[in-house]
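The sequence and the structure come first.

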Amino acid sequence: MVNTYDVIIIGGGIGGLVAAALLADKGARVLLLEQATTTGGCAATFSHRGYRFDAGATIGCGFHSRGPMQWVADRLAIKWPLYPLSVAWKYNDGVSEIDLDPKQEMLRKRFPESTAFWLEQAAVANTLWDLTNGLLSQYGRKRFSQARFLASSLSSIPGSRCIMLATMTVSQWLKRHGLHGNKAFCRFIDAQLLISAQTTARKCNALFAALALDLPRQSPCSISGGTGTVAEILSQAIGLRGGEIHLQEKVIALTTRNRRIKEVISTRANYQGREVIVNGSSASLAALLGRTLPSSWKDRSRALWGAFILHLGISQESLLGHTFQHLQLVRPKTDNLAEGDSLFLSLSHPTDQIRAPQGKRALTVSTHTKVPPWWHAKERGKKEYSALKSLYTEKAMGLLYHYLPGLEDNIELSLAGTPVTYQRYTGRHLGLVGGYAQTGLLAPRQKRYRLKNCSLVGDHRFPGQSIAGVTIGAAMAVDHLLRRL
């Protein structure tokens, strides 16, 4: 017997969860299939020896008034348990030590010559946030109404400035402000963009960057219980609206007929759905269809990076004198911002007893890494793979100890994750993370193999701004899909 649903969603990352919750809220019969033991994907949490770790170092964003996460909360009548942060994160490269706060006081004091740049960035970001909020306000309305709103909104945007930024890179934007020769400032900008835009100033589109650089201004926060709490709350919202979530059920194949997905085949059963949503890229879809991924996929998708991650259980005593919740560390005098030469740290809130035993803190440390070396090492055997993991662990720990002396004597738990680990637990192609690099104004076109009833959500649709961007992309996909149900 084949089980039938209105919509089947493959993958329980934030994109899949938001889509499922919005569809269930509209009365659709929804089934979400997730291969892991918990939902959340790259925004999941996991527990080990009393600690609850974020899958990757991250920061809460998009929860501000009129932001996408608040929009979801209002629609679904839910509340996010947040710890507001007065400082989004601290940046330290051995020369510059900067608290990134909404007013940018320390940033402008360190780089006073950049004031005009930040004023322009804030003005453009405000315009883009208003446009995003306006688009979300049109969710579920008739196309004519949406088109009229969009035309009205675009006509009111200060066009010359936005058009100018849309046609240049961040490097060109910096040159326009006379900042391109300021090596320390350019390295700071590159470090921020690599986190939020998956590329650096030389290739990053300036209009995208205006939004990507805006994170510290938009009510940054930590989430009680970690980012996995967002997934848990969304999962509850799905269940309350009659949606189904099957954990530890991996989708292994899709069958098609007449350019439609006929059946979704999992490790437990076969399902039929009028519509199918894949929380992933066209690489994920190709694997499920048994298709060979084109050799040009990597370049076209702009998928560049994986992550090497350390999950550390540490003593609160080791942080005496340190007040950060999030910290960005760059190795002194280096031009490299990946492979352990820059780290992003996410620390559990000191009063969050869900995350760590009393007197302890859960610390997640991430660095960008190229994916191929990890898979080559794994193919050559466990010994070489373990050696590479030990090498990266030693390098990352060395940078941590440089900036946080005394930490080495207060680590009681250490776990390392690689792109191979990410692929195993999240199903992401090769363990690539962060979506596509924002090198141009338009997202890379994802191949859907001409399927009429298939949609994609996730960070390959709308990257950057962490779970906020994924939420916007999921809402847009659902709005379009509801017209076909």
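How far apart are the end C-alpha atoms of helix α16 (residues 466–481), and what should its 16 residues span at 1.5 Å a residue? The end C-alpha atoms of α16 are 23 Å apart, which agrees with the 22 Å that its 16 residues should span. The expected span is 1.5 Å times one less than the number of residues in the helix. Helices (H or I, at least four residues) and strands (E, at least two) are DSSP runs, numbered from the N terminus.

The model is predicted: local features need pLDDT of at least 70 and side-chain atom pairs count only at pLDDT 80 or more, while totals for chains, interfaces and linings use all residues. Residues are numbered from 1 along each chain as its sequence is written, and side-chain values use heavy atoms, with hydrogens and water left out.

**Helices**

Of the 16 residues of α16, 13 are buried, so that this helix is mostly covered. Buried means under 20% relative accessible area, exposed means over 50%, and partly exposed lies in between (1.4 Å probe, protein chains only).

Helix α10 (residues 228–240) has 13 residues and reaches 19 Å from its first C-alpha to its last, close to the expected 18 Å. Its buried residues include Gly228, Val230, Leu234 and Ile238. After α10 comes Gly242, with a positive phi near 90°.

The axes of α13 (residues 372–380) and α15 (residues 419–426) come within 8 Å and cross at roughly 85°. These two helices are therefore roughly perpendicular to each other, a term for angles of 65 to 115 degrees. Axes are lines fitted to C-alpha atoms, for helices over the stretch in contact, and angles run from 0 to 180 degrees between N-to-C directions. Trp374, Trp375 and Lys378 of α13 make the contact with Pro419, Val420 and Gln423 of α15, where contact means heavy atoms within 4.5 Å.

**Nonpolar cores**

A nonpolar core is a set of buried Ala, Val, Leu, Ile, Met, Phe, Trp, Tyr and Cys residues joined through side-chain atoms within 4.5 Å. The largest has 49 residues, of which Phe117, Phe185, Phe188, Ile189 and Leu193 touch the most other members. Among the elements that give two or more residues to this core are α4 (115–137), α8 (183–196) and α9 (206–212). The most comes from α8, with seven residues. Leaving out residues up to four places away in sequence, Phe117 touches Trp173, Leu174, His177, Leu179, Phe185, Ile189 and Leu213. A second, separate core of 42 residues includes Leu136, Leu234, Ala237 and Val478.

**Single residues**

Ala24 is in helix α1 (residues 14–25). Beyond residues up to four places away in sequence, Ala24 touches Val30, Ile238, Arg241 and Gly243.

Gly290 lies in the loop between α11 (282–289) and α12 (297–301). Its C-alpha is separated by 9.3 Å from that of Thr255, 35 residues apart along the chain.

Most residues other than glycine have a negative phi. Gln104, in the loop between β7 and α3 (105–110), has a positive phi near 60°. Glu339, in the loop between β14 (326–330) and β15 (342–347), has a positive phi of about 55°.

The table gives the accessibility of these residues.

| Residue | Relative accessible area | Class |
|---|---|---|
| Ala24 | 4% | buried |
| Gln104 | 7% | buried |
| Glu339 | 16% | buried |
| Gly290 | 67% | exposed |

Methods
Parallel < 35°, antiparallel > 145°, perpendicular 65-115°, else oblique.
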